[in-house]
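Please look through the structure shown here together with its sequence, and read the report beside it.

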Amino acid sequence: MQFNLVTPRIIEHLKRIVGEEHVLTSSEDLARYALDEIEERYRSLPEVVVKPRAPEEIAAIMRLANEERIPVTPRGAGTGLSGGAVPIYGGIVLSLERMNQILEIDVDNMMVTVEPGVVLGDMMRAVEAEGLFYPVDVSTLESCHVGGNVAENAGGARAVKYGLTGHWVYGLEIVTPTGEILRLGGKRIKDVTGYNLIQLLVGSEGTLGIITKITFRLTAKPKYVLDLLIPFDSLENAVTQVLEVLLEEINLSAIEFMDSLSIRAVERYLNLRLPHDESEAHLLIQVDGMEEDVVWRTGERVYQKLVRAGAKEVFVADNRLTRERMWRARREIAQALKALYKCVSVEDIVVPRAQIAEAVHYIRQLSYRHRLEVPIYGHIGDGNLHPTPVSNERDEETWIHDLDAFLLEMFRIVCDLGGNLTAEHGVGLKRIKYLPLVMNKAEIALMQAIKRAWDPNGILNPGKAVPLDSVL
Ligand code: MLT
Ligand code: ZN
């Protein structure tokens, strides 16, 4: 890819667009925008960071970048795990952190309209104060931005009942790579006028447009929530039970899984103990609903079933404090592994739910064969697992070699089971070279043609999600 460098003239132009104080060029500032939550070895410095406040400013930046052939990498909170916000070709990082307002909570239409830099947890609390509910519960909810959630189509723990971010996106305002402002969708629940550009934008990883406004649909806030933490002596048994429970219960809002390596890591990191932490696996199940007796009866049935199936015990949380303790342990596993190991690769595979037990079994076998430690945790109710190879012993070169060999085999197994490379973290930078394992040339060429139609000069987040034309 041929791009031009950011010259002092371009920097002056950017300052005129967003104001001098919102253009960063010092090496310390640039270093803060060189990485997201992907591994350190992917670090890459931008030449300049701009922090616009309005879509019109973004449109002017994009027109300039497009004319000058400067790559632009949009950035939310930088919590992404696949390198979507890493400026691999330098150029401009366009940070949306100043666009952080909740613009409207429309109670009658059950919709909220926000700017992309709003923190997910803040939006959830704001709508809950109005008796409404935004259900997509991402592990990093207290830091991630909703714009990033849309760009990556984030999933999280409650997708088993409520779906991914994209299910809730009804309106988008975006700036195209050539600098037009588009307003797509709105508050209409049904609308089939033309191609569904909104859902093309959702999960496009910042490669087709920059999101400047989002309208999310909301639902009613469940009145009762019950969480069950269930330790199992046998990993196989825990995993097999998931399918059985799902076949009988339709009201579960989360079925999460943590193996013993994940539990041990998070206990060390957070300095806490989970009940029966000697167990091979824990399930964390959430039931929610509007009627107390229905929620409790569902919980009771799940409880009875799992105890009959060999669960050691079932710990119940029906209050906020206990619930937060259980969920904190689950949510912080990725952070724990990153803090405790020198080499870490958070993976994000997905298989059809009936293949979950096989997937866990094969990944375990594979980790033994490759002599790699691979904690496995994730959203098992969706068939989405985060096997996370880790190491403290290997040097960089050996790690990259061993990891690649493991991942190639794991992805092949997952594909044979009808699965795929990523369920919620995105292709980003990290998985782009594995795309040909799961997509044929025609499919990749079609994605490239879509990218070219939106971004003829390929300046918006190049090298992410879609292989560059030159690769085929
Ligand atoms: C998780 O399930 O914990 C996430 O996908 C990983 C993260 O966001 O840190
Ligand atoms: Zn996850």
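The report below begins with the division of the chain and then turns to the ligands, a helix and several single residues.

## The model and its domains

What is shown here is a predicted model. Its chain is divided into domain 1, which covers residues 8–95, domain 2, which covers 102–220, domain 3, which covers 224–331, and domain 4, which covers 341–433. When the centres of domain 1 and domain 3 are taken over C-alpha atoms, 42 Å separate them.

## The zinc ion

The zinc ion, which is ligand 2, has three kinds of contact atom listed by name among its protein donors: NE2 of His-379, NE2 of His-386 and OE of Glu-424, and these lie 1.9 to 2.1 Å from the ion. Along the chain, the donors follow the spacing H-x6-H-x37-E. Both His-379 and His-386 are buried.

Around ligand 1 are Leu-81, Ser-139, Arg-330, Ala-334, Tyr-377, His-379, His-386, Glu-424 and His-425. Taken alone, ligand 1 exposes 270 Å², and the protein buries 93% of that.

## His-425

With a relative accessible area of 11%, His-425 is buried, because buried here means under 20%. Leaving aside its neighbours within four places in sequence, His-425 is in contact with Leu-81, Ser-82, Glu-152, Val-346, Glu-347, Asp-348, His-386 and Arg-431.

Helix H9 consists of residues 260–270, and Ser-260, Ser-262, Ile-263, Ala-265, Val-266, Glu-267 and Leu-270 are buried in it. What do the buried residues of H9 pack against? They pack against strand E13 (252–259), strand E14 (281–289), helix H11 (320–331), helix H12 (333–340) and strand E18 (376–379).

The helix is followed by Asn-271, whose phi is positive, near 55°. In the loop between H9 and E14 lies His-276, which has a positive phi of about 50° although it is not a glycine. His-276 has a relative accessibility of 26% and counts as partly exposed.

## The loop between H7 and E10

Glu-205 is found in the loop between helix H7 (197–201) and strand E10 (210–217), and its phi is near 60°, a positive value in a residue other than glycine. Is Glu-205 buried or exposed? With a relative accessible area of 7%, Glu-205 is buried.

Thr-207 lies in the loop between H7 and E10 as well, and at 2% relative accessibility it counts as buried. A polar atom of the side chain of Thr-207 lies 2.7 Å from the backbone oxygen of Ser-204. Not counting residues up to four places away in sequence, Thr-207 touches Lys-451, Asp-455, Leu-460, Asn-461, Lys-464 and Ala-465. The C-alpha atoms of Thr-207 and Glu-409, which are 202 residues apart along the chain, are separated by 29 Å.

Asn-66 has its place in helix H3, residues 55–68, and it is buried, with a relative accessible area of 13%. Its side chain makes a polar contact of 2.9 Å with the side chain of Asn-457.

Thr-79 is found in the loop between strand E3 (72–75) and strand E4 (92–95), and it is partly exposed, with a relative accessible area of 23%. Leaving aside its neighbours within four places in sequence, Thr-79 is in contact with Glu-37, Thr-140, Ser-143 and Cys-144. The C-alpha atoms of Thr-79 and Leu-35, which are 44 residues apart along the chain, are separated by 9.5 Å.

Definitions and conventions. Residues are numbered from 1 along each chain as its sequence is written. Chains are lettered from A and ligands numbered from 1 in the order in which they are written. This is a predicted model: local features need pLDDT of at least 70, side-chain atom pairs count only at pLDDT 80 or more; totals for chains, interfaces and linings use all residues. Side-chain values use heavy atoms; hydrogens and water are left out. Domain bounds come from an automatic or database domain assignment. Helices (H or I, at least four residues) and strands (E, at least two) are DSSP runs, numbered from the N terminus. Buried means under 20% relative accessible area, exposed over 50%, partly exposed in between (1.4 Å probe, protein chains only). Contact means heavy atoms within 4.5 Å. Donors are N, O and S atoms within 2.8 Å of the metal (3.2 Å for Na, K and Ca); water is not among the atoms, so sites may look incomplete. A residue is near a molecule or strand if one of its heavy atoms lies within 4 Å of it. Accessible areas come from the Shrake-Rupley method with a 1.4 Å probe; for residues, only the protein chains shown count as cover. A polar contact is a pair of N or O atoms within 3.5 Å; within protein, one must be able to donate a hydrogen and the other to accept it, and residues adjacent in sequence count only if both atoms are side-chain atoms.
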